[in-house]
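Here are my notes for a first reading of this model. Please keep the structure open beside them and take the points in order.

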Amino acid sequence: MHLIKLDATDSTNAYLKKLLASEDVPDGTVVQADWQRKGRGQMGREWYSDPGKNLTFSILKRFSDFPVSQQFLFNIISSLAVVEVLHRYDVPQLKVKWPNDIMSGKQKICGILVENVVKGSTLKAAVIGIGLNVNQEIFPSGLNATSVKLQTGKEVSLHVLLEALLDAVDAALKTFLRGPKEKARRSYEALLFAKGDISVFETPQGERFTAEVVGIDALGQLRLQHENGDVCSYQFNEIKLLYGNNPPQ
Ligand code: BTN
């Protein structure tokens, strides 16, 4: 594994993607930064992290050809690996809020941004960006964020935790990319936040509806059962979960 450690950069995902475009970067290259000036989240959002307190890093996975239809596997694999390591650190009530927010109870402890390099119908590379709140204790209000320290009361070595995460992602990639994809999907579903609950969702047009989270389909889309019994699949940009298990009356 080739680790590039930076004091600061705009975004480790952006750094790795730029590197990938300009030179021959080995599979497994990891870029970690103590501080991201413009950390990126899903849907064009920003990722905030206090300098030196948390882990912000990106892992490069290269392929000769990998079916684009299975790209959600990287979200699954990275989520499973993070949860497995956080279990070892005794972080309580771990769940994965689709597509890949790692939750401790009802608060977000880790965000994952997978960015794929696609050529035609195949995937050439995946950049798996992980932002894990570790020792930060104060977050801007409205973020609904927590950290390993807040959840366990213990200060954690960033270096040791990073090694554990990289090993776990590596092992999960080996297990799940080779084995039957169904196994990865089932393990992910077992951790799915709000599964079996009636929750409130909102469309980009602002329409709200209640439905039960059933699971994910083979493409990684969220499966919801509507009040009339219909089960439909949704892509990430099609719906937003507003309230987990306690919809307002
Ligand atoms: C999200 O929850 O919206 C995803 C957040 C992903 C943040 C990580 S931090 C390391 C990597 N570099 C980035 O700019 N973003 C990801």
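1. F63 touches F74, L123, K124, A125, A126 and L177, where residues up to four places away in sequence are not counted and contact means heavy atoms within 4.5 Å. F63 itself is placed in strand 3, residues 55–67; helices (H or I, at least four residues) and strands (E, at least two) are DSSP runs, numbered from the N terminus. At 15% relative accessibility F63 counts as buried, on a scale where buried means under 20% relative accessible area, exposed over 50%, and partly exposed in between, with a 1.4 Å probe and protein chains only. From C-alpha to C-alpha, F63 and V213 are 33 Å apart in space, and 150 residues separate them in sequence.

2. Before going further, please note that this is a predicted model, in which local features need pLDDT of at least 70 and side-chain atom pairs count only at pLDDT 80 or more, while totals for chains, interfaces and linings use all residues. Residues are numbered from 1 along each chain as its sequence is written, and side-chain values use heavy atoms, with hydrogens and water left out.

3. K61 also lies in strand 3, and with a relative accessible area of 18% this lysine is buried. Its side chain is joined to that of D27 by a polar contact of 2.9 Å; a polar contact is a pair of N or O atoms within 3.5 Å, and within protein one must be able to donate a hydrogen and the other to accept it, while residues adjacent in sequence count only if both atoms are side-chain atoms. Apart from neighbours within four places in sequence, K61 is in contact with D27, F74, K124, A125, A126, L173 and L177.

4. Which residues come nearest to the ligand? Of the 20 residues around the ligand, they are S11, Q36, R40, Q42 and K108, and a residue is near a molecule or strand if one of its heavy atoms lies within 4 Å of it. A side-chain N or O atom of S11 is 2.7 Å from an oxygen atom of the ligand, whereas for Q42 a backbone N or O atom lies 2.7 Å from a ligand oxygen atom. For K108, a polar side-chain atom lies 2.5 Å from an oxygen atom of the ligand.

5. Helix 4 (residues 158–178) and helix 5 (residues 181–190) have axes that come within 6 Å and cross at roughly 125 degrees; these axes are lines fitted to C-alpha atoms, for helices over the stretch in contact, and angles run from 0 to 180 degrees between N-to-C directions. The two helices are therefore oblique to each other, since angles under 35 degrees count as roughly parallel, over 145 as roughly antiparallel, 65 to 115 as roughly perpendicular and the rest as oblique. Helix 4 contributes F176, L177 and R178 to the contact, and helix 5 contributes K181, K183, A184 and S187.

6. Some backbone details deserve a careful look. The peptide bond from W98 to P99 is cis, with omega near 0 degrees, and P99 is found in the loop between strand 4 (94–97) and strand 5 (101–104). M43, although not a glycine, has a positive phi of about 55 degrees; M43 is exposed, with a relative accessible area of 52%.
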